[in-house]
Amino acid sequence: TAQHSTVLYKCTSRGKVPQTAIMGLDSCVKKYIRKHVPKAVSYHSSAKEAYEANEYCATIIDLNVELHRKPQHIATGEEWVSYIYNVRVRGTPGATCVLVIDNPSRVPEVKDLCHLARAGQKRKRNNFIPLPADTIINNGPLPDWTALTGSKYLLPRVWDFLLSGIRTRIRQDATFDKTVFFDTCYSWRLRGSVNCDGGIHLVCSAGGKSPPPPPTHAYGEGDLKCRCWARYCLKARTISTQGVLIMSVDLDNIPIFCNKRFNNVCLMANTVTLDANGEVVPRSKGTRTAYEIINLGAIALALGPHCEPFRALLCLSKNDFNDNPQKLTTERMLKTFFSVMAMGNRKLDAERLLGDVKYYNKFAQMCLSKVYGNRSMTMPRIPTASLESYQCRGTWCYEYWSGKKQREGGPNCRDSGGWTVPSTSIDLKEYKGKVRLVPA
């Protein structure tokens, strides 16, 4: 979720003023979905209840997310492998299980600034010291987990160890009967390992039957990999009403899967706390914990003709690739959007929001109006050229999240008009390398 911004660099090639860090979608997106699309959200007292509430043909697990929600009581590598195998691979619903891992070499160049912001915030928040490059990950005691997850150069070793352990447990478990795929990362140092060659591997087949060939893509980000695999699983299902469960906390999945074709593709993130009325609230006395399931395709069905403008606005709000230059928050933009929708006298146009500066500016003015429930604010004046590049970034994000050019890993961000090569060298710290593109 979005956190406070941090000034990262001073000049683009045009010599503009300092820009701010770009960090993920704001958590208020979930708040507005709960409020305005309640039928797409359900709550369950246990994971078992959540799994049984719908019929799933497959589960897709974003292992990069699992890396950051390891239970604290797990202290050894052997315990961690057993946990992932028993709770995630074996314990989740569906005849197919897909494990996806980020492939940094294929992540879009425009994600560099987001990585830089995350690296800086992690250092400030946790004050961690990166681990030595020769750190060993095995069945024994695990290294300090915060330091390990922050030492990005060690992650291929982590994945190699984890996937090797899962393979072993599958071979040793005579009762296991699922189709399992690994969608791996690429590591030059570990390229000889089947777990780190950047490929897609069929680990085992349910009933000994060969599944259809896996999807072809060149994505690096786990959420876009999930999109490819969700389409694959829906196409391969034997019952048309079966769904797909995605285990991830990444809010990008909301605009990625907000399409009626993805009805019953459900997101299961972290647990939430509910009050006596079933509303999500901060943890306190008298509350209860529940598993929240969001039917991502059902959001599109509920929004109807307003679906694409909703997605367009998320592309124009603060996210991993973009930020609003007029300081309009995601909260203000979504409040205006849902107010317009409730009034029923107009429908926003997604294409014009992304490509027509005058039309976008009219919406920006609506975001200042009390008519739509907004507080007054002074909006900075932004040159038309800057707004055009901002819309170009939004358009690229919209096409990327829509799965355009899947085989190439998404549309070419260098051709979008939204970014430029920085005039000065910006080091990416533990992510290694330099920032390659900054907002134009």
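Helix α11 (residues 307-316) packs against helix α15 (residues 384-401) at an angle of about 120 degrees, and their axes are 8 Å apart. That angle makes α11 oblique to α15. Keep in mind that this is a predicted model. As for handedness, α11 passes α15 in a right-handed crossing.

Who touches whom here? On the α11 side you'll find Glu308, Arg311, Ala312, Leu314, Cys315 and Leu316, and they meet Tyr390, Gln391, Gly394, Cys397, Tyr398 and Trp401 of α15. Sorted by class, this α11 and α15 contact has eight nonpolar, two polar and two charged residues.

α11 also packs with helix α12 (residues 330-343), this time at about 165 degrees, with the axes 10 Å apart. An angle over 145 degrees counts as roughly antiparallel, and α11 and α12 are therefore roughly antiparallel to each other. Their crossing is right-handed. From α11, Pro309, Phe310, Leu313, Leu314 and Leu316 meet Met333, Leu334, Phe337 and Phe338 in α12. By class, that contact has nine nonpolar residues, with no polar and no charged ones.

| Helix pair | Angle | Axis distance |
|---|---|---|
| α11 and α15 | about 120 degrees | 8 Å |
| α11 and α12 | about 165 degrees | 10 Å |

Between α11 and α12 there is a loop, and Lys327 sits in it. Lys327 has a positive phi of about 65 degrees, even though it is not a glycine. Asn264 is another non-glycine residue with a positive phi, near 75 degrees. You'll find Asn264 in the loop between α9 (253-257) and β9 (265-274).

Now for the nonpolar cores. The largest one has 78 residues, and the members that touch the most others are Ile60, Ile254, Phe257, Ile299, Leu303, Phe310 and Trp401. Helix α8 (residues 222-236) gives this core its largest share, eight residues. There is also a second, separate core of 44 residues, which includes Val81, Leu131, Ile137 and Ile170.

Which residues does Trp401 contact once its neighbours within four places in sequence are left aside? The list runs Leu25, Leu224, Arg227, Asp252, Pro255, Ile256, Arg311, Leu314, Cys315, Asn319 and Phe321. Among these partners, Arg311, Leu314 and Cys315 are also on the α11 side of the α11 and α15 contact.

Next up is Ile246, which lies in strand β8 (residues 243-247). Is Ile246 buried or exposed? Its relative accessible area is 0%, so Ile246 is buried, the cut-off being under 20%. Not counting residues up to four places away in sequence, Ile246 touches Ile60, Cys226, Phe257, Val265, Cys266, Leu267 and Met268. As for Cys266, it is 20 residues from Ile246 in sequence and 6.0 Å away in space, C-alpha to C-alpha.

Pro108 has a relative accessible area of 10%, so it counts as buried. Leaving aside neighbours within four places in sequence, Pro108 is in contact with Glu221, Trp396, Tyr400 and Arg436. Pro108 and Leu354, for their part, are 246 residues apart in sequence and 20 Å apart in space, C-alpha to C-alpha.

How values were computed
Residues numbered from 1 in each chain as written. Predicted model: local features only at pLDDT ≥ 70, side-chain atom pairs only at ≥ 80, totals over all residues. Heavy atoms only, no water. Axes fitted to C-alpha atoms, helices over the stretch in contact; angles between N-to-C directions. Helix = DSSP H or I, 4+ residues; strand = E, 2+ residues; numbered from the N terminus. Parallel < 35°, antiparallel > 145°, perpendicular 65-115°, else oblique. Left-handed = near helix turned anticlockwise from the far one by under 90°. Contact = heavy atoms within 4.5 Å. Nonpolar A, V, L, I, M, F, W, Y, C, P; charged D, E, K, R; others polar. Core = buried A, V, L, I, M, F, W, Y, C linked by side-chain atoms within 4.5 Å. Buried < 20%, exposed > 50% of the residue type's maximum accessible area, 1.4 Å probe, protein only.
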